[in-house]
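Let's take a walk through a protein model together. Have the sequence and the 3D view open as you read.

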Amino acid sequence: MNFFNFFLRLIPASKQSIRGLRFALDDMAFVQQIVLFVIAISLLIFLPISIELKLFILFSHTLLLIVELLNTAVEKTIDRISLDFNELSKKVKDMASAAVFIALLLALTFWVIAMYQLLVR
């Protein structure tokens with residue numbers, strides 16, 4: 001594959017990614033994470049904390065968005081297979097939700113560190 005073909009393949013891939021983001025905006029949990037992300041970015045601009053901590057917070061919120069997208073994809077796939085109750089489907093959905101929870105705890109941990117840094121000054 002030459003250099004030109006590489007970039008030609010990026011165009012349809014980008015369109016699919018943007019379409020996926022549009023679909024995700026129909027999911028309230030993803031929209032909530034977007035709102036949290038925007039609030040976090042807004043706060044980070046003004047908070048007098050280290051640039052390293054700002055980056056950790058930014059990366060943790062980005063990770064949270066990624067994990068929420070994957071959680072939404074898992075849930076929609078399980079629902080596509082069957083809306084009937086299935087114990088395994090419930091466990092898979094709960095595990096995907098647990099991944100979001102862990103990512104949220106990571107972001108929260110960095111926010112606690114930021115608040116501590118502000119209070120100690």
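Let's begin with I57, which is buried because its relative accessible area is 0%. Here, buried means under 20% relative accessible area, exposed means over 50%, and partly exposed is anything in between, using a 1.4 Å probe and protein chains only. I57 sits in helix α3. Helices are DSSP runs of H or I with at least four residues, numbered from the N terminus.

Which residues does I57 touch, leaving out those up to four places away in sequence? They are L44, I49, F110, W111 and A114, where contact means heavy atoms within 4.5 Å.

## About the model

You're looking at a predicted model, where local features need pLDDT of at least 70, side-chain atom pairs count only at pLDDT 80 or more, and totals for chains, interfaces and linings use all residues. Residues are numbered from 1 along each chain as its sequence is written, and side-chain values use heavy atoms, with hydrogens and water left out.

Helix α3 has 31 residues and reaches 45 Å from its first C-alpha to its last, close to the expected 45 Å. The expected span is 1.5 Å times one less than the number of residues. Its buried residues include L53, L64, V67 and I78, and what covers the buried residues of α3 includes α2 and α4.

Now trace α4, which runs over residues 87–120. It has 34 residues and reaches 48 Å, close to the 50 Å expected at 1.5 Å a residue. Its buried residues are A96, V100, A103, A107, F110, W111 and A114, and their cover includes α2 and α3. At the start of α4, a side-chain oxygen of N86 comes to within 2.8 Å of the backbone nitrogen of L88.

## Salt bridges

How many salt bridges does the structure hold? There are 2, a salt bridge being a side-chain nitrogen of Lys or Arg within 4 Å of a carboxyl oxygen of Asp or Glu. One joins K93 and D79, with the closest N and O atoms 2.5 Å apart. This pair links distant parts of the chain, K93 in α4 and D79 in α3, 14 residues apart. K93 counts as partly exposed because its relative accessibility is 23%, and D79 does too, at 33%.

K90 and D94 also meet in a salt bridge, at 2.8 Å from N to O. Both lie in α4, 4 residues apart, about one turn of the helix. An α-helix has 3.6 residues a turn, so residues three or four places apart point the same way.

Look for F101, I102, L105, L108 and V112, which make a nonpolar surface patch of about 500 Å². Such patches use residues with over 30% relative accessible area and no salt bridge, joining like charges within 9 Å and nonpolar side chains (Val, Leu, Ile, Met, Phe, Trp, Tyr) within 5 Å. Areas come from the Shrake-Rupley method with a 1.4 Å probe, and for residues only the protein chains shown count as cover. L108 counts as partly exposed because its relative accessibility is 48%.

Last stop: S42, in helix α2 (residues 28–46). Is S42 buried or partly exposed? At 35% relative accessibility, S42 counts as partly exposed. The S42 side chain reaches the backbone oxygen of V38 at 2.8 Å. From S42 to D94, the C-alpha atoms are separated by 31 Å.

Methods: Helices (H or I, at least four residues) and strands (E, at least two) are DSSP runs, numbered from the N terminus. A polar contact is a pair of N or O atoms within 3.5 Å; within protein, one must be able to donate a hydrogen and the other to accept it, and residues adjacent in sequence count only if both atoms are side-chain atoms.
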